[in-house]
Amino acid sequence: MSLAEIKDAVNALSPGELAELAAFIRQRDEAAWDRQIREDVAAGRLDHLAEEALEEYGAGRTRAFPPDEKPSNT
């Protein structure tokens, strides 16, 4: 099936079917994102970001989130 055929089929969906398809695609996308994050963590590809964040925190250059909370910095 071509992308053009898929687009035509999507255009023919009822609002309920379109919502169901959108939820299905969102779930697949979120699962793929979660899988990629797990793979990146396992491979150490995010270690530099964690190290940078810990350095910033240790140096007191971070803010509380949400902003109205005070940082504990412990």
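Predicted model: local features only at pLDDT ≥ 70, side-chain atom pairs only at ≥ 80, totals over all residues.
Visitor: OK, what about the fold? How many helices and strands are there?
Guide: The count is 3 helices and 0 strands. Reading from the N terminus, the order is α-α-α.

Visitor: What radius of gyration does the protein have, next to a compact globule of 74 residues?
Guide: The protein comes out at 21 Å, whereas a compact globule with 74 residues would be near 11 Å.

Visitor: What does the C-alpha trace span along its principal axes?
Guide: About 55 × 35 × 15 Å.

Visitor: Switching to surface patches: which residues make the nonpolar one?
Guide: Met1, Leu3 and Ile6 make it, and the patch covers about 370 Å².

Visitor: Where does Leu3 lie?
Guide: Leu3 belongs to helix H1, which runs over residues 3–11.

Visitor: Is Leu3 buried or exposed, and why?
Guide: Leu3 counts as exposed because its relative accessible area is 56%, and the cut-off for exposed is over 50%.

Visitor: Last topic, charges. How many positive and negative side chains are there?
Guide: There are 9 positive and 16 negative ones.

Visitor: And how far apart are the centres of the two sets?
Guide: Those centres lie 2 Å apart.

How values were computed. Residues numbered from 1 in each chain as written. Heavy atoms only, no water. Helix = DSSP H or I, 4+ residues; strand = E, 2+ residues; numbered from the N terminus. Rg over C-alpha atoms; globule rule 2.2 N^0.38 Å. Lys, Arg positive; Asp, Glu negative; His and termini not counted. Charge placed at Lys NZ, Arg CZ, Asp CG, Glu CD. Patch = residues over 30% accessible without salt bridge, like charges linked within 9 Å, V, L, I, M, F, W, Y side chains within 5 Å. Areas by Shrake-Rupley, 256 points an atom, 1.4 Å probe, with all protein chains shown as cover. Salt bridge = Lys/Arg side-chain N within 4 Å of Asp/Glu carboxyl O. Buried < 20%, exposed > 50% of the residue type's maximum accessible area, 1.4 Å probe, protein only.
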